[in-house]
Each structure stands twice: as C-alpha cells, then as structure tokens.
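Here is a short briefing on one protein model. Please read it alongside the sequence and the coordinates.

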Amino acid sequence: MSQNSEYGGVEFTSTSDSEYLTLADSFVLGSRLEYLRRAAQHDYEIGDSESNRILGALAEVIQALRTSDVDSAVIAQISDFRTKVESKYEPVDSLDEDDATELERKSGTWWNMVLADIKRQQMIPTADPGLLNQQVLIEEPERIFSSGVWNWLDERPKADIEEAAKTLVVGCSTSSVILSLRAVEHCLREWYEYENESLEQAAWGQILDMLMQEFAEDEKKNDTVLTQLSDLPPVLTNLYYLKEKRNEVNHPDESPDLHEARQTLMIVASTITEIYEYITKREIEEIDALEPPREYEDDKDYIYSLTDMLESQYQSGVPRTAIYKSAEMFDKELTRDEIDDVIMDLLMGGQAYEPDDDRLKLI
C-alpha cells in the first residue's frame, strides 16, 4: 500500500510493493522459459512446485514476474497452464503429446511477451528516493516547482535540476547534491544582480556575504555570522546552510548519502522558490510605482516605451520578466510570445541589445 502527499507541486509516494525486474531476474526468466520449451520436446518429468522440473520452472517464472514491476498478462496464462498440469498429472509423469505441443508453443510466446514488457520498463537499477516519486524525478522534475518558478528559471539551472533529480533516482548522491547546489548558486547570482552590478567571477561566499550585509542591521554588521543570520530572511539562512553543504561535498573525505541528497534537493527547491518570490515582489512594487506609457503607435512602440521606463530601475538591463509583468499590470493584452516577438524586432532592428540572457537594454 502506498500513500501520497504533495510538496511544492510534486506528488510524493511512500515505498512501493513491487520492484523493478533485475538483470538476475531476467536471466532466470529466460533460462526457465527455455527449460520449459526443451522439457516439452524431451519428455521431462512434471515434478512438483519445489522441484527443478516442469512445475518448479513454472512456479519460478510466476514468482519472478509477480515480485517485479512487469505488468504482464503472461502471468495469468502461465498460472492457468500450471493449474491444469498440476491437476492432470502425477509428479513422475510426463506431458502427453497435446500438452507437450501446447507448452512448446506457449513457452516461446510467453518469452516474447515478457521481453516486450522488459523493454518498456526502466532497466537502470534505481535507489529509493524516499518520499519523492521516482517517475516524477525521472520524467517531470519540473513538478518540484510551481509553473511560475520553473518558467522563470534559466536553462542552465533547469538542466542542473533535471540532472540532479535523475542522478538521485539512480543512487548517485554526490552528483545530485553538486548539481542541486549549482542550480541554487545560479539563482543566488541572479538575486544579487537584480539590484546590483553584474558579477563576473565572484564566489558563492562573496555574493552571500554581500547580500547579508545589505539585509543586516547596521549595529550587527560586525557580529558573528550566527548572530547576523538570526535576524535575516529565512532564505539567506537556507543559502548559508547550502553554502556549507557545498564546502562539505567538495571535501574529498566527505560523501553525502541518499538522505542528504534528497534533503538538499528539497531545500534547494524551496530556496529557489523564495528567491523567485522575493524578486517578483520587488518587481511588482517597482512597476506599481511607475506610470505606464500613455501614447504609442503600435505594440513595438509600446514595448520600447515600457522598457525605456523600466531602465531606471535596473542597472544591468531590464529583465524580460519585468517587461511581461509590466504589460500585464498595465492591462496591455499581449502574450509573452507576442512580447518576445516585439523584443526580437527591437534586437534585429538595432534598437536594443542583450547585455546577458533575458535582459534588455535600449540603444
């Protein structure tokens, strides 16, 4: 029995009753089905369910399939044939001609059906990801976040999160932690650059120190880190914890286990969401304080005027998200795709350039 709950858009599931079919199980299935095919040709004894004979081989195949994640109709077919043989023959008997012909034909069919099921399943041995749903981590890692947060993320942290989720499932805990931390470091930089100058080579610790100094009360700026953290927003406390985690992982004598990898991914998801919410809130406050463009000829002129108005708020270029939100808040009925098309026209027409990804500066 499994139990489901949700965390930030992800369905979490407890341990499953079934396991993936292992390579050893696949070998057993192949060898026992081949034995049954040969048994039909060479008058092997029926035996019983505990013996290394026909009934024993049938029992092994059924057991291997029932304890695996292979959902195959072949189980019912083999069970029916086994029941017929068990009721019709004594252990020392051999199959009659009709049943031998049927077993020879069906054993080949059963193997083809099992093989088709094996090909459809995930054959990489996976580790237990705890409460995290394996299928979500492998196929839909974006569900760790709300759609708004995921759409806001750049392609690089998206790729890191996707790979962190998949490596967690296959038990590569160190890789998962490192990739998770890379994603949150990228967002930490975005947070700092949102209100400050663009950073080139600054390390995580330097950026975090600068943010902590901005938020710390003046009389506590010279206090210990722990004293400062007690008065800072929780997101900065999380970032400090994750920075220390990164230092641990980079140490050759430290290797995180799966529990730490799961915990890190969940904290990273929560921290990135908090960064997004902080930036979004500030953007809305800043946009709300501005007056929308009053006169414009067309959509291109409107977006140009809007970007020109927003440039006073951003030193490193206007984020596209700010343009989207401004148009939405000022009741301009333009979709994001339509705004992207207008921005492309501005770029191609030499009226604007991108100082970095997803930021716009007018010329």
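**Around threonine 307**

Setting aside neighbours within four places in sequence, threonine 307 is in contact with Val318, Ile323, Leu360 and Leu362. The model is predicted. Threonine 307 belongs to helix α13, which covers residues 299-310. Its relative accessible area is 0%, so threonine 307 is buried, the limit being under 20%.

- Three strands form an open sheet in the order β3-β5-β4, with antiparallel pairing.
- Its edge strands are β3 (318-319) and β4 (352-353), each of which pairs on one side only.
- Strand β5 spans residues 359-362, and two bridges join it to β3.
- These two strands, β3 and β5, run antiparallel.
- Valine 318 stands opposite leucine 360 of β5.
- Both Val318 and Leu360 are on the contact list of threonine 307.
- Helix α13 lies across β3 and β5.
- The angle between α13 and β5 is about 95°.

**Helix α14**

- Helix α14 takes in residues 320-329.
- Eight of its 10 residues are buried, so α14 is largely enclosed by the rest of the structure.

**Nonpolar cores**

- In soluble globular proteins, nonpolar side chains tend to be buried together.
- The largest nonpolar core here has 59 residues.
- Phe145, Trp191, Leu239, Ile272, Ile303, Leu306 and Ile323 have the most contacts inside that core.
- A second, separate core has 26 residues, including Tyr35, Val61, Leu65 and Ile75.

**Aromatic pairs**

- Two numbers describe a pair of aromatic rings: the distance of the centres and the angle of the planes.
- The whole structure holds five aromatic pairs.
- One of them is tilted: tyrosine 35 and tyrosine 44 are 5.2 Å apart centre to centre, with 40° between the planes.
- Tyrosine 35 has a relative accessible area of 13%, so it counts as buried.
- Tyrosine 44 has a value of 22%, so it counts as partly exposed.
- Phenylalanine 81 and tryptophan 110 make an edge-to-face pair, 6.0 Å centre to centre and 70° between the planes.
- Phenylalanine 81 sits in helix α3 (residues 74-88) and tryptophan 110 in helix α4 (residues 97-120), so the pair ties together parts that are 29 residues apart in sequence.
- Phenylalanine 81 is buried at 2% relative accessible area.
- Tryptophan 110 is buried at 0%.

**A charge over a ring**

- Which ring does the charged end of arginine 32 sit over?
- The charged end of arginine 32 sits over tyrosine 35, 4.7 Å from the centre of its ring.
- Tyrosine 35 also pairs with tyrosine 44.

**The whole chain**

- The protein chain has 15 helices and five strands.
- Of its 363 residues, 43% count as buried.
- Among contacts between residues at least 6 apart in sequence, 61% join residues at least 24 apart.

Notes:
Residues are numbered from 1 along each chain as its sequence is written. This is a predicted model: local features need pLDDT of at least 70, side-chain atom pairs count only at pLDDT 80 or more; totals for chains, interfaces and linings use all residues. Side-chain values use heavy atoms; hydrogens and water are left out. Helices (H or I, at least four residues) and strands (E, at least two) are DSSP runs, numbered from the N terminus. Buried means under 20% relative accessible area, exposed over 50%, partly exposed in between (1.4 Å probe, protein chains only). Contact means heavy atoms within 4.5 Å. Rings of Phe, Tyr and Trp (its six-membered ring) pair if their centres lie within 6.5 Å; planes under 30 degrees apart count as stacked, over 60 as edge-to-face and the rest as tilted. A charge sits over a ring if NZ of Lys or CZ of Arg is within 6 Å of the ring centre and within 35 degrees of the ring normal. Two strands pair if DSSP finds at least two bridges between them. Axes are lines fitted to C-alpha atoms, for helices over the stretch in contact, and angles run from 0 to 180 degrees between N-to-C directions. A nonpolar core is a set of buried Ala, Val, Leu, Ile, Met, Phe, Trp, Tyr and Cys residues joined through side-chain atoms within 4.5 Å.
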